Structure formats: C-alpha cells, structure tokens
Amino acid sequence: MLEQGTISIHTENIFPIIKKSLYSDHEIFLRELVSNAVDAIEKVKMVSRAGEYNSEIGEPEIAITVDKEQKTLAIADNGIGMTAEEVKKYINQVAFSSAEEFVKKYEGKSDRAIIGHFGLGFYSSFMVAQQVEIDTLSYKEGSSAVRWTCDGSPEFRLEDSSRTQRGTTITLTLQEEELEYLEPARIRQLIKTYCDFLPVPIKLEGEVINRQKAPWRESPSSLTKEDYLEFYRYLYPFQDEPLLWVHLNTDYPFILNGILYFPKLVPDVDVTKGQIKLFCNQVFVSEHCEEIIPKFLLPMRGVIDSTDIPLNVSRSALQTDRTVRKIADYIARKVGDRLKELYRDNRQEYISSWQDIGTFVKFGALNDEKFKKQIEDIIIYRTTYEAKTETPAVEVQSQEGDAWQDVSAAPSLPYTTIKEYLERNKERHENRVFYCTNEATQATYIELHKQQGLEVLFMDSFIDTHFISFLEQEYANVKFSRVDSELDESLLEKDKAGEIVDPKTNKTRSELIKELFEQAINKPKVNIRTEALKSDNPQGSPPAIVLLPEFLRRMRDMSA
Ligand code: ADP
Ligand code: MG
C-alpha cells in the first residue's frame, strides 16, 4: 500500500520547543527583535523609494524602554508597521517570513540586505517573556492600528489599537527568572555586543548607544588610513597599532565584506584562538571564526561579514562546507595580494612589519600550497650582506623599537630573498646558503663568515626551525649550512699571513690542531680555523672554533 500526505504538527506540542530550544542562548531575543526593527525601517525606505509611500519617513529610530514596575521591556521602531492581515500572515504563522517576498518585490530599492530570513526570530521573545504584545500601524493608507497579544500558549488575541504613529512596538512582560533584562546596563551590553554596527540609531534611556557606522561595508576607496586605525582602536582598545590591513569586499561567488588587520604580535597570546569577529548583515554572530579563517591567519584581527556562511550548523559541518572553504581560500589570496602590493609599493614598511608578519607568512607557506606559490618570492631574511653601491640588498631601518616610530637615526639592516642571495653569491658558492639561528650564541661563527666575505642569513625566529627543512625541499639543489657547520676549505680566502708554521712538518698551526682533533674524536671533516679570528675580534671569541659537518651538527642538536 502506498500513501502520501502532509505531516501535521500539533502547535501545543511544538510551541514549548520553539520557545525553549530555538536558540541555546536566551539573550539573543534582543538581537532578533532589534533586527526586525532595522528591517522594518529599511522596508519603509524601500517602499518610499519605489514611490508607494509619499509621506515623510522621518528620522529612523529604535527606542528601547524598560519599566521595572510592570516588568516590561519594549522595543519601538518607526518602520513599515503591519496591517492586521500581515500580523495574521507573518506572526501567527510560525516560520513564515516576509523577507523573501518583500525583497523580490522591491529589488534594487536597497543597498543593504534585509536581515530576516527564516521567520523564527520573533518567537525567540517567548524564551524570556510570559507575554508578548505587538502594537503596530502600517504605512499603508487607510490601515488601522492593531494590537496582538499572546501569553505563550498557541492562542493569541488581535484587537484594535489607538496607535497613531507608523511603526511597531513590541512589549515583553518578562518571566520571573528573566528579570535581568530590566537592567539598562544589561541591555546596553547586549546592544553593544550584537547590534553596535546596525545602521539605525538605537536609543536607551533617551541616549543613542550603538556606533552604527560599519566601515567594512563602505568602499575601501572612501576610507583613509586614519579610518582604518580608528576602527581597529574601537575594536581592540589599548592595543598596539596594527601593522597593515586587508579590506575584503566581494559579491561573487559569495557575499563577503570585512576588514582584517595584522596585529603586532604579542608574546603569550594564544594565536590558535581566532580573534576575528563574525557578523551577518552587520549583526554580530560570534567572537571567533576559527572554521572560516585559514589556520595560519588566525592571529589576524578584525571583522568578517557574510550572509553565505551557514549559521546554526556544527563546527565540523562548517569546516567542510564548500562555500566556507572557498571563503577561506579567498581570504588567504587577498592577504597574499595585499602583502605583495606592500612589498612592491612600500618596501620600507613591508620590512618594518616583517618581524611580525614574517611568522604568519612562513606559517602560511608551510601550510597552504596556494598561498606558498603566491608569496614565495616575497619571503625575506635579514642578512649580513652589506650593500655597496651596486646591486644593493634592501636597506631597512632597525627593527628595534616601534616600527611606526621614526627610527631614521638607527643603523640600517639589510634584508634579502633567497633568490637574491643565490644570485649574488653564485660565483663564490653556487647553490649554497649559510644561515645562523642565534645571533648571540653563534656570533663567533657569524664573524668567521663575515671575515671570509661569506654572506649569512638570519633564520632566528621560532618558526625558522621548521622553515629550513621546508626550504631544503623547495630548493632541492641548494645546500643550507648553519654557520657552525663545516666550511669547505675551497671557500675560504687563503691568507696565511700571521700563521705559525711547524718547521718540522711545514704545517700551519690550524692544520696541526685539526689533525689532533680528528685523531681525538676520530671523525673526518672537522675544520679548525684559528686564523679566522683576529685578535681585534670585538666579540672576544675563543682562539679556535670547531665546525662539525652539517648532519653531525643536527644530530648533536637533536640529542641536546
Ligand atoms: P524574519 O525576521 O526572519 O522574517 P521573524 O520571526 O523575526 O522572521 O519575523 C516574522 C515577520 O514578522 C517578519 O518577516 C516581518 O514581516 C514581521 N515583523 C516582525 N517584526 C516586525 C516589525 N518590528 N515591524 C514590521 N514587521 C515585523
Ligand atoms: Mg527576524
């Protein structure tokens, strides 16, 4: 037997579930009611632009009032209002939203999206209210005001209202255990959290409490450097200025707006926890969006706003969502573009920021193949190379102190890419890179190389340990040697002046010591250089240094 039909729902049974379990968090009822008010105001603007409403719209406004005696909280707007028919249609029918219909009808009459979508938000008010009243007057000519009341049972009352102002007032009589929402401080905190950037003034006790301006929704060309910095200070007060920022702004193949900042890295901050705030149509959704941001960009700060990120799904579902993956790729690409642009147009600033952004960039190169391809040519290293007049390496101001400060008096440090390094040194040592990992403990070795005219790169950030292995794979034909590893005799500039020669064997002192060492530790290829360290060595280094073959050096380091 085959039977088809429609599943019926008993409102009496489903209503308590909607009321109690629609959202995990009771406080979001306010976000929902304010979003509806913002939508109502946007809608009245749209019908006015469409020429269907010719009276004054007036200054848009949402007013929140609390009455501690009556235990009521009211949210009033001067938006589009509702007719009795609309109340029956959109309020009495749970999960029925007017948004889609409305947007279709008034397409192109607004540059911002209507927030409403599912037709469930209004019912979240029953999570905190024992009774909800809607008092509303539609913009439509000849419509009369109506009052709808419901005490949380599936029964409602609809009656005439004496209201004369266009718009809607939602009045909640709070449940006994939800009286915290009568506290203006609590309401202010909720508005600040969820509704701060909604484009309508929200008044509490006669005062506007939301910022309204959402810079990420503006066009990048209309914003100045100071606008971006001001917004950063607003989001993260009392923090160092950000190093640089990326303004995300796309409509296709998904809608995404946002501003992401590279902060100055602060030690002891948990960078695995995202600090980017997620919004949907300027309504705050979540403090973290680890699932949407590529891992290596988690230390970034700022906001992203997208209607294409599915909400109310599990974190793991979010991580595998195709649009979310595309958004993550897009963000990485935009960040890469911005870095390349800065490298090209403002090398000085790029280098000043490198100590902080370098870590992100290297981590990104290690973790994201596409990002690596994009930025591999702009990964730079501090070098011992001192630029002469021809083919100078990049000159930069000292990294010490605040990069934004004027440090023009400080000594300059040159930076280079691996490619530039290899090119510059190819005659002396082809496919060979010398690097150091600790400027202080390897000072003697760095000095040895400098005296020999060999350029040394500084790979001394914590990520470089991993990064060197990565570079060895990337440049398979290049040998990377740490300064305290063996050094080919053939690379050294021979200068025997000052060398003490043993008259019996005609060997130099260093040759003799070397032989002794080789016998003693029975290991080939140990280089001893005494001549490399002149007596005027400012580091006051020991008279001899031991160089182990690179693989032995690594083994020693591993067992240490
Ligand atoms: P959604 O906002 O997703 O459409 P809601 O449950 O929040 O769903 O609201 C249902 C409908 O009720 C809205 O689509 C809108 O038509 C109407 N509505 C709710 N609040 C207001 C208001 N303040 N002014 C005018 N209409 C409103
Ligand atoms: Mg809504």
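Ligand 1 is surrounded by 21 residues, the closest being Ala40, Ser97, Ser98, Gly116 and Gly121; a residue is counted as near when its C-beta atom, placed from the backbone, lies within 6 Å of the molecule. The structure is a predicted model, in which local features need pLDDT of at least 70 and side-chain atom pairs count only at pLDDT 80 or more, whereas totals for chains, interfaces and linings use all residues. Residues are numbered from 1 along each chain as its sequence is written, while chains are lettered from A and ligands numbered from 1 in the order in which they are written.

The shell around ligand 1 comprises ten nonpolar, nine polar and two charged residues; Ala, Val, Leu, Ile, Met, Phe, Trp, Tyr, Cys and Pro count as nonpolar, Asp, Glu, Lys and Arg as charged, and the others, Gly among them, as polar. Helices α2 (28-49) and α3 (84-91) each supply at least two residues of this shell, and α2 gives the most, with four residues. Helices (H or I, at least four residues) and strands (E, at least two) are DSSP runs, numbered from the N terminus.

An unreviewed UniProt entry annotates residues 25-178 as "domain: Histidine kinase/HSP90-like ATPase"; UniProt positions are given in the numbering used here, feature names are shortened, and annotations may be inferred rather than shown by experiment. Over residues 25-178 the chain is 24% helix and 25% strand, with the end C-alpha atoms 12 Å apart.

An open sheet of eight strands has the order β5-β4-β3-β6-β2-β1-β7-β8, with mixed pairing; two strands pair if DSSP finds at least two bridges between them. Strands β5 (156-160) and β8 (207-208) stand at the edges, each with a single partner strand, so one side of each has no neighbour in the sheet. Five bridges link β4 (146-150) to β5 in the antiparallel sense, and the bridge partner of valine 146 in β5 is aspartate 160. Helix α2 packs on this sheet, touching β1, β2, β6 (167-174) and β7 (202-204), and its direction makes about 20° with that of β2. Contact requires C-beta atoms, placed from the backbone, within 7 Å; axes are lines fitted to C-alpha atoms, for helices over the stretch in contact, and angles run from 0 to 180 degrees between N-to-C directions. Helix α5 (184-194) also packs on the sheet, touching β1 and β7, with its direction at about 165° to that of β7.

Five strands form another open sheet, in the order β9-β10-β13-β11-β12 and with mixed pairing. Its edge strands, β9 (244-250) and β12 (283-286), each pair on one side only. Neighbouring strands of this sheet are turned by 20° against each other on average, direction ignored. Strands β11 (275-280) and β13 (301-305) run parallel and are joined by five bridges, with valine 303 of β13 as the bridge partner of lysine 277.

Most residues other than glycine have a negative phi, and most peptide bonds are trans. Lysine 71, in the loop between β1 (62-67) and β2 (72-77), has a positive phi of about 60°. Asparagine 431, in the loop between α11 (418-425) and β17 (432-436), has a positive phi of about 50°. Lysine 71 is partly exposed, with 19 other C-beta atoms within 10 Å, and asparagine 431 is partly exposed with 13; a residue is buried at 20 or more such atoms, exposed at 12 or fewer, and partly exposed in between, with C-beta atoms placed from the backbone. The peptide bond from tyrosine 252 to proline 253 is cis, with omega near 5°, and proline 253 lies in the loop between β9 and β10 (256-262).

Terms used:
Contact = placed C-beta atoms within 7 Å.
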